[in-house]
Amino acid sequence: MTSHLMPPLALTLVDIGRILSLAVIAGGLLWLFLRAIKRKEVERRVIFLFIFVSVVAPILFPTVFQEKATPIVKDVFDKIESLPPGSVVLLSYDFDPAMAPEVQPMADAISRHCLVRGLKIIYMCLFATGQGQFTSTLENVIKPEFPDKVNLVDYVNIGYKAGNEGVLNVIITDFKKMFPTDVDGVPYDSIAVFKGIRSCKDLDLVISIGGGKPGIKEWILFVGDPGNVPIASGVAAVVAPLMYPYYPAQMLGMLGGIKGAAEYESELVHHYPQFKNSPTPALLMMGPQTLAHLVIMAFIVIGNILYLLERKKGRKR
Amino acid sequence: MKRQIPVLLVFVFGVFMIFQYFSPHEYSEWIYKFLMDWIYIIGIFAMALGIWSLIHVSYDKIKNKRHDWGYSVVTLAALFIMMFFGITGFDENGEWGFYFMTQEGLTNPMFRNFFNHILVPIETTMFSLLAFFISSAAYRAFRARNVLATMLLVSALVVMLRFNPYFGEAVGLYMNKIAAWLLNVPNMAAKRAILIGIGLGMVGTALKVVLGIERGYMGKG
């Protein structure tokens with residue numbers, strides 16, 4: 001009789017895991033909070049343990065939130081949307097494996113977006129390791145999801161050249177001088193993507209993905225400003241606040257950290273439902289990041305309770 | 001003479017580059033482009049010099065069994081293994097060979113395995129350790145000791161809260177607005193001030209180098 005009146009329990013193992021892990025973290029924090037009231041400091045290893053649990057739990061029991069693109073991310077998305085098919089976009093992989101978990105999802109999502117819109121992509125890198133990161137996009141995005149896209153016609157990889165800002169200083173006036181061939185040795189003039197492209201000034205959009213040096217700042221200083229080329233970026237979260245002064249006059253938009261990448265992935269899926277089943281690593285990574293942020297905030301509050309109580313005690317003395 | 005020639009070269013090219021920026025004349029443009037080619041060549045030589053220096057220093061350390069010389073063995077082994085797999089690979093017919101001018105090496109399975117399963121996890125692990133240290137530092141440092149520290153603390157919490165979907169859309173939207181203001185107004189003003197300061201500092205240092213006052217690039221102050 002009761003079973004007819006009560007709604008059926010539809011909890012999956014993942015749901016149970018989520019609830020249990022949240023309960024463990026919340027219970028632990030409450031215990032630390034009560035200890036803080038008794039003026040007991042939290043040991044460093046306890047903080048590390050909480051961060052570990054808050055990062056691991058959402059990985060084991062994935063929690064995906066719906067993201068809404070903020071204006072700075074939407075500007076990049078809208079710019080790509082506004083370009084007519086056949087426009088040429090340069091995507092520079094200015095990062096190494098250390099930054100890859102944060103920025104590789106951006107590079108993959110932007111590649112998907114450009115290719116589905118029929119834009120042509122020139123891939124290059126100012127970091128030597130960027131070449132390896134591009135191979136990841138080639139193997140995981142371009143080949144499986146866009147088998148009809150042809151190398152040299154729809155996209156081209158011109159690879160890495162040493163020289164940092166010097167490379168940009170040359171390609172702002174002459175691409176061929178710095179990149180006489182692509183990575184496979186195909187001559188510049190035989191590459192269809194480069195038809196009508198003499199320098200960076202002929203590009204419709206440049207997007208630098210990275211966060212180190214050389215990176216987006218160098219692209220703005222040596223290409224965007226002198227050549228009046230539209231520049232956008234995808235950067236690691238630690239670099240994003242440093243780049244705000246360039247937005248929107250010198251940099252039309254920016255994807256900052258995992259959050260920016262997740263917003264872009266969400267926007268892409270929203271506009272192009274065919275990508276519903278494509279990997280969305282940034283959206284998945286938002287779970288661990290969100291929970292870890294909450295735990296850090298809780299520790300900041302606990303730390304301040306301790307501090308205020310200590311100060312009160314000091315005044316009484 | 002050993003010191004005067006580099007100073008003279010730096011002065012001549014430095015002054016030329018300053019004036020060239022303001023001169024649209026075709027000769028000036030031609031010389032500028034010509035000089036830009038040198039950057040490319042210098043970049044390649046710098047890389048070769050860097051590799052040679054790494055080999056030399058590591059070999060010297062191993063030979064004299066200096067402190068932590070074992071790490072140098074790993075460094076050299078990694079360098080040569082990656083170099084070997086980076087220039088060898090299989091062509092379209094599945095035949096193995098050396099590829100100095102093309103990217104077959106980058107698709108070599110062993111190169112990819114070393115890159116994906118050794119280099120990527122090592123670097124990402126190092127970077128991800130930041131989360132642990134930042135949280136510990138935030139607990140100890142973010143304390144409301146005075147008005148400025150309290151402002152910093154509240155700003156940090158607001159910026160972190162805007163990322164947090166657990167609090168629902170209404171809180172998120174509100175936090176987003178405040179965080180956007182924090183990032184676009186006080187943050188941007190401070191960063192712009194710093195950037196302008198850095199820019200002026202760079203101009204000053206560049207002038208000191210061009211005029212031969214600062215000679216640190218020659219190995220002596």
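## Salt bridges and cysteines in a predicted model

A:E67 is buried, its relative accessible area being 9%. The model is predicted. A:E67 pairs with A:K259 in a salt bridge whose closest N and O atoms are 2.6 Å apart. This pair links distant parts of chain A, 192 residues apart: A:E67 sits in the loop between α3 (44–60) and α4 (71–82), and A:K259 in helix α11 (residues 257–271). A:K259 is buried too, at 11% relative accessible area.

Over all chains, the structure holds 15 salt bridges. Three of them are listed here, with the distance between N and O.

| Salt bridge | N to O distance |
|---|---|
| A:E67 and A:K259 | 2.6 Å |
| A:K176 and A:D189 | 2.8 Å |
| B:D60 and B:R66 | 2.8 Å |

In chain B, B:D60 is partly exposed at 29% relative accessible area, and B:R66 is partly exposed at 42%. Through shared partners, salt bridges join A:E67, A:K259 and A:E263 into one network.

In the pair formed by A:K176 and A:D189, A:K176 lies in helix α8 (residues 175–178) and A:D189 in the loop between α8 and β4 (205–210), 13 residues apart. A:K176 is partly exposed at 38% relative accessibility, whereas A:D189 is exposed at 61%.

There are zero disulfides over all chains. The cysteine sulfur closest to that of A:C114 belongs to A:C200 and is 15 Å away, too far for a bond. For A:C200, the closest cysteine sulfur is in A:C125, at 14 Å, which is also too far. A:C114 is buried at 0% relative accessible area, and A:C200 is buried at 0%.

Definitions and conventions: Residues numbered from 1 in each chain as written. Chains lettered and ligands numbered in written order. Predicted model: local features only at pLDDT ≥ 70, side-chain atom pairs only at ≥ 80, totals over all residues. Heavy atoms only, no water. Disulfide = S-S within 2.5 Å. Buried < 20%, exposed > 50% of the residue type's maximum accessible area, 1.4 Å probe, protein only. Salt bridge = Lys/Arg side-chain N within 4 Å of Asp/Glu carboxyl O. Helix = DSSP H or I, 4+ residues; strand = E, 2+ residues; numbered from the N terminus.
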